[in-house]
Amino acid sequence: MQYIFDQQPNTPLVQLETPEIRQAGIRLFIKRDDQIHPLVSGNKWRKLKYNLQEARKQNKKCILSFGGAFSNHIYSLAAAGKIWNFETIGIIRGEETTPLNATLAFAKDCGMQLHYINRESYRNKNDPEFLENLKSQFGDCYFVPEGGTNSFSLPGVAELVSEIDIPFDYICTPVGTGGTMAGLISGMQYNATVLGFASLKGENYLETEIQQLLKNLPDKINTAWQLIHQYHFGGYAKINRDLALFICNFEQKYQIPLDPVYTSKMLYGILDMCCNGYFEKGKTIIALHTGGLQGLAGMKNKINKLIST
Ligand SMILES: *Cc1c(COP(=O)(O)O)cnc(C)c1O
């Protein structure tokens, strides 16, 4: 069997020093999973690893998944499929618009077959009947849910915890579907708290979603975890001038690019919480840079416009 994602990536852990961090008397390290692979980015690499191995084990030639038109997951899956010899099918939410945006153009270049479905049908993406229909339409593919989140995505994320070779008190991650957060919770070997920064607005079902993912694990998990809902900036992919400025300043000062959908909201939140006294003095915090920078180019215009107003 061809082994997929063979090496432990050991992405760098870099210390960040800002006035907020100094004032709070804490230490903050960024786990640079954005550097994990040039095309299969960040947490999507972690989440796809065991899914692709499972697909190979089941002798599937083709992987089918779901996403929006700017999806990091679709982008990463298309690249991974090309590298590890799977056909890929992307079920894309909404109408086709031409020319294709950079994300979908890349996916298509990788050989991914793109199929568009309207927003209403897309909501059924987890219904057994809907999936049966797709199966009869596209054949016996290996199905990966939206965002790459299922029980096979957890162990790949859990592995990154063991790459962190310093003791820490908190590990922070942005949250979309909750798969990455559940993976971190499941991988924690000692007493540290997992903080998840929700990028979607008012998604109260996220707690349930994460509990559900953890319930399917063989071992009972005792890790402390908390979702933080104050830093979604109006909702998924929403951004204001404050956040646009934060992204630009952050890259200029610290040479670390942040994406407008996920990692920027988390880091904005962490630094704000430093100012609000959330963290006790002396604590060590890890922030997971989940990558997703492929979408940044497409957002640059919007960011610049917000800044110049
Ligand atoms: C997909 C994605 C997330 C969200 O991960 P979930 O496991 O769905 O919560 C966070 N950050 C980036 C950069 C992503 O691409």
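## Lining of the second largest pocket

Helix 10 (241-254) provides the largest share of the lining of the second largest pocket, five residues. Helix 1 (19-24) and helix 11 (263-275) also supply at least two residues each; helices are DSSP runs of H or I with at least four residues, numbered from the N terminus. The model is predicted, with local features requiring pLDDT of at least 70 and side-chain atom pairs pLDDT 80 or more, while totals for chains, interfaces and linings use all residues. Residues are numbered from 1 along each chain as its sequence is written, and side-chain values use heavy atoms, without hydrogens and water.

The residues lining this pocket include Thr18, Phe246, Tyr268 and Cys275. A pocket is an open set of points on a 1 Å grid over the protein atoms alone where a 1.4 Å probe fits, with protein on both sides within 12 Å along at least five of seven lines; lining residues have an atom within 4 Å of a point. By class, the lining has seven nonpolar, two polar and three charged residues.

## Surroundings of the ligand

The ligand is surrounded by 15 residues, each with a heavy atom within 4 Å of it. Helix 2 (42-57) contributes the most to this shell, with three residues. Eleven residues of the shell are polar, two are nonpolar and two are charged.

## Polar contacts and burial

Polar contacts are pairs of N or O atoms within 3.5 Å. An oxygen atom of the ligand lies 2.6 Å from a side-chain N or O atom of Thr177, and the corresponding distance for Asn72 is 2.7 Å. Taken alone, the ligand exposes 380 Å², of which the protein buries 97%, by the Shrake-Rupley method with a 1.4 Å probe.

Definitions and conventions. A polar contact is a pair of N or O atoms within 3.5 Å; within protein, one must be able to donate a hydrogen and the other to accept it, and residues adjacent in sequence count only if both atoms are side-chain atoms. Ala, Val, Leu, Ile, Met, Phe, Trp, Tyr, Cys and Pro count as nonpolar, Asp, Glu, Lys and Arg as charged, and the others, Gly among them, as polar.
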